[in-house]
Amino acid sequence: MRRPGAARQRRRTELAGWLFVSPATILFLIFIAGPFVFAIGLALFKWDLLTDPTFIGFDNFVALFADPVLPRVLANTFIFAFASVVTHIVFGLLLAIAVNRVINRYLSYFLRVAIFFPFLISWAAVSLLWKYVLDPTFGFVSQYAAMIGIDTPNFFTDPAWALPAIIFIDLWHTLGFTFIIMLAGLQTVPVELIEAARTDGATSWQVFWKVTLPLMSPTMFFAMIITFIGAFQVFEPIQIITKGGPQGSTTTIVMYLYEKGFQSFDMGYAAAVAILVFLIVMGVTLLQFMGRRKWVHEA
């Protein structure tokens, strides 16, 4: 027979649990679930923010797949996201290995702070800084290059250089975050395994390839997901530096969403683009999780 006191204690425990999770639940409903449901409903209407919304069903989604601009926008976004993931993983891991090998504790702390510091600067300040640095007229990069006889391109008005320049700026600004993730993962690799491999005669490259890299794979997997999600939604540097130009070479999907929603005032179509962004990010993330068994080392 169940005691009444035990039942009351269980209810109190459940109530305490709900009270602890309620702030996060409320914030999720207000800022994530609520706007997402609203965006789904808004995508079924034509609305310019000035007149009453008109129900048009799935016409926005039909127009989305017939949009001639969308393929290039998606191509720009995927190129940026892929380049961001590759550069962040490679350079983040290399920097983490280099800093992890620094013996002097104070030098190690200094390097960690120096690498992570750009991530603390706002995107507005970073964008204006690099817009000045890479300016072909008064930027010091072009001036120093001219002193040694090198002609630099106009990075932000040349369609061939604009997107690579944005990729480089994003790498400089956000690499510190990936570096910290990689460094934390690197420090979880058991030293005993590395020493055992070296005792067996393994070279430094073999230790890295056969021991360190497999044990770092869960950390790399996490970094890949976080980096892709962030890169696919890039907006601030493009809006501040190039505004999607030149000739649409830096227009990404979120920039396109902004143009449709807040410049063309087609809120229903912008909501459809937002849903497309969600589906693409969710789909790519699911594919990453499906493929993790082939290369992620499970401890």
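This is a predicted model: local features need pLDDT of at least 70, side-chain atom pairs count only at pLDDT 80 or more; totals for chains, interfaces and linings use all residues.

Reader: How many residues has the largest nonpolar core?

Author: The largest nonpolar core has 67 residues, and Leu93, Met182, Phe232 and Ile253 have the most contacts inside it. A nonpolar core here is a set of buried Ala, Val, Leu, Ile, Met, Phe, Trp, Tyr and Cys residues joined through side-chain atoms within 4.5 Å. Buried means under 20% relative accessible area, exposed over 50%, and partly exposed in between, with a 1.4 Å probe and protein chains only.

Reader: Which residues is methionine 182 in contact with?

Author: Leaving aside neighbours within four places in sequence, methionine 182 is in contact with Ile89, Gly92, Leu93, Ala96, Met216, Thr219, Met220 and Ala223. Contact means heavy atoms within 4.5 Å.

Reader: On to helices. At what angle do α4 and α7 cross?

Author: The axes of α4 (residues 105-120) and α7 (residues 159-186) cross at roughly 130° and come within 5 Å. Helices are DSSP runs (H or I, at least four residues), numbered from the N terminus. Axes are lines fitted to C-alpha atoms over the stretch in contact, with angles from 0 to 180 degrees between N-to-C directions. The two helices, α4 and α7, are therefore oblique to each other; angles under 35 degrees count as roughly parallel, over 145 as roughly antiparallel, 65 to 115 as roughly perpendicular and the rest as oblique.

Reader: And which residues make the contact?

Author: From α4 come Arg112, Ile115, Phe116, Pro118 and Phe119, and from α7 come Trp172, His173, Thr174, Gly176, Phe177, Phe179, Ile180 and Leu183.

Reader: How do α9 and α12 compare with the antiparallel or parallel classes?

Author: The axes of α9 and α12 come within 11 Å and cross at roughly 165°. That makes α9 roughly antiparallel to α12. On the α9 side the contact involves Phe221, Met224, Ile225, Phe228, Ile229 and Phe232, and on the α12 side Val277, Ile280, Val281, Val284, Thr285, Gln288 and Phe289.

Reader: Is threonine 227 buried or exposed?

Author: Threonine 227 is buried, with a relative accessible area of 10%. This threonine 227 is found in α9 (residues 204-232) and touches Ser84, Val85, His88 and Thr178, not counting residues up to four places away in sequence.

Reader: What about aspartate 200: buried or exposed?

Author: Aspartate 200 is exposed, at 69% relative accessible area, and lies in the loop between α8 (191-199) and α9.

Reader: Now the backbone. Where is the cis peptide bond?

Author: A cis peptide bond joins glycine 245 and proline 246, with omega about -5°. Proline 246 is in the loop between α10 (236-242) and α11 (253-262).

Reader: What is phi at lysine 243?

Author: Phi of lysine 243 is near 55°, a positive value in a residue other than glycine. Lysine 243 is in the loop between α10 and α11 and counts as exposed at 52% relative accessibility.

Reader: And phenylalanine 265, what is its phi?

Author: Phenylalanine 265 has a positive phi of about 55°. Phenylalanine 265 is partly exposed, with a relative accessible area of 40%.

Methods:
Residues are numbered from 1 along each chain as its sequence is written. Side-chain values use heavy atoms; hydrogens and water are left out.
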